[in-house]
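Q: I have a chain open on my screen and would like to go through it step by step. Can you help me read it?

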Amino acid sequence: FPSKEEMLDIFRSALFSEVSCFTPVQFDRRMEQGTTLLSEYYNHYISSFHKDVEIELKIPRYSLDGVPITGKIDKMELNGDSCKVVDYKTGDPDKYASSMILAPNEKQPIGGDYWRQMVFYKILIENYEEKRRNVSEGMFDFIQKGKNGEYKQVKIPMFPQDEEIVRRQIKDVYTRIMNHEFDRGCGEETCHWCNFAKRYELIRPANDEVVEIDDI
């Protein structure tokens with residue numbers, strides 16, 4: 001792996017390429033924050049990192065159950081024909097690591113976003129015929145420390161029934177996209193995107209009559 005200074009140079013270069021997205025004050029704060037967080041993370045893990053890896057692996061689009069899928073994997077730790085999938089997160093681990101990793105339940109019938117993301121990665125990798133690997137484990141690695149001053153790595157258990165659930169979700173979403181059903185939302189009360197759309201009347205009420213183009 002590169003030295004810490006080389007790693008920080010890569011970060012600085014990448015952030016500078018996005019300088020137009022920030023005010024000068026925001027840019028300086030992000031630069032300082034990123035340099036601090038990455039330095040501490042590097043010092044903590046560099047001696048224990050798995051060395052046989054593939055990083056930022058882009059899996060080309062292919063068809064699964066008639067649905068085109070693709071994805072980019074942050075890191076795969078290789079062990080023969082199997083691998084451990086690692087996805088890096090920059091948010092507050094105390095805030096996001098609990099609710100986002102849950103499998104489907106009565107309160108969250110479609111599962112948490114992180115759970116669904118990792119199960120999708122498992123499906124994506126294991127069904128990619130040109131370079132198929134068995135995903136033995138999935139983990140979210142938070143580069144920011146929690147309130148207790150410790151790093152958090154969250155492992156996601158994945159079972160065959162989980163894959164079936166997400167495969168159905170993939171097909172359902174694709175069908176709705178192909179039917180141009182973009183105005184219903186996910187239905188979750190806590191979804192800030194749906195609430196934003198409702199507030200500004202971007203989502204049509206369910207009982208509205210659909211207007212055909214010929215009627216306009």
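The chat below goes from the whole chain to a few residues.

A: This is a predicted model, where local features need pLDDT of at least 70, side-chain atom pairs count only at pLDDT 80 or more, and totals for chains, interfaces and linings use all residues. Residues are numbered from 1 along each chain as its sequence is written, and side-chain values use heavy atoms, with hydrogens and water left out.

Q: How many helices and strands are there in the chain?
A: The chain has six helices and five strands. Both are DSSP runs, numbered from the N terminus: helices are H or I with at least four residues, strands are E with at least two.

Q: And which pattern do they follow along the sequence?
A: The pattern is α-α-β-β-β-α-α-β-β-α-α.

Q: What share of the residues is buried?
A: 36% of the 216 residues. Buried means under 20% relative accessible area, exposed means over 50%, and partly exposed is in between (1.4 Å probe, protein chains only).

Q: OK, aromatics. How many aromatic pairs are there?
A: The structure holds 13. Rings of Phe, Tyr and Trp (its six-membered ring) pair if their centres lie within 6.5 Å; planes under 30 degrees apart are stacked, over 60 edge-to-face, and the rest tilted.

Q: Why is the pair Tyr45 and Tyr151 put in its class?
A: The ring planes are at 50°, so the pair is tilted, and the centres are 5.5 Å apart. Tyr45 is in helix H2 (residues 24–45), while Tyr151 is in the loop between strand S4 (134–142) and strand S5 (153–156), 106 residues apart.

Q: Is Tyr45 buried or exposed?
A: Tyr45 is buried because its relative accessible area is 10%. Tyr151 also counts as buried, at 15%.

Q: Which residues do ring pairs link into a cluster?
A: Phe1, Tyr41, Tyr45, Phe49, Tyr88 and Tyr151.

Q: New topic: where is Glu126 found?
A: Glu126 is in helix H4. With a relative accessible area of 17%, Glu126 is buried.

Q: What joins the side chains of Glu126 and Lys122?
A: A polar contact of 2.8 Å. That term means a pair of N or O atoms within 3.5 Å; within protein, one must be able to donate a hydrogen and the other to accept it, and residues adjacent in sequence count only if both atoms are side-chain atoms.

Q: Last one: where does Ala103 lie?
A: Ala103 is in the loop between helix H3 (93–96) and helix H4 (113–126). Its relative accessible area is 33%, so Ala103 is partly exposed.
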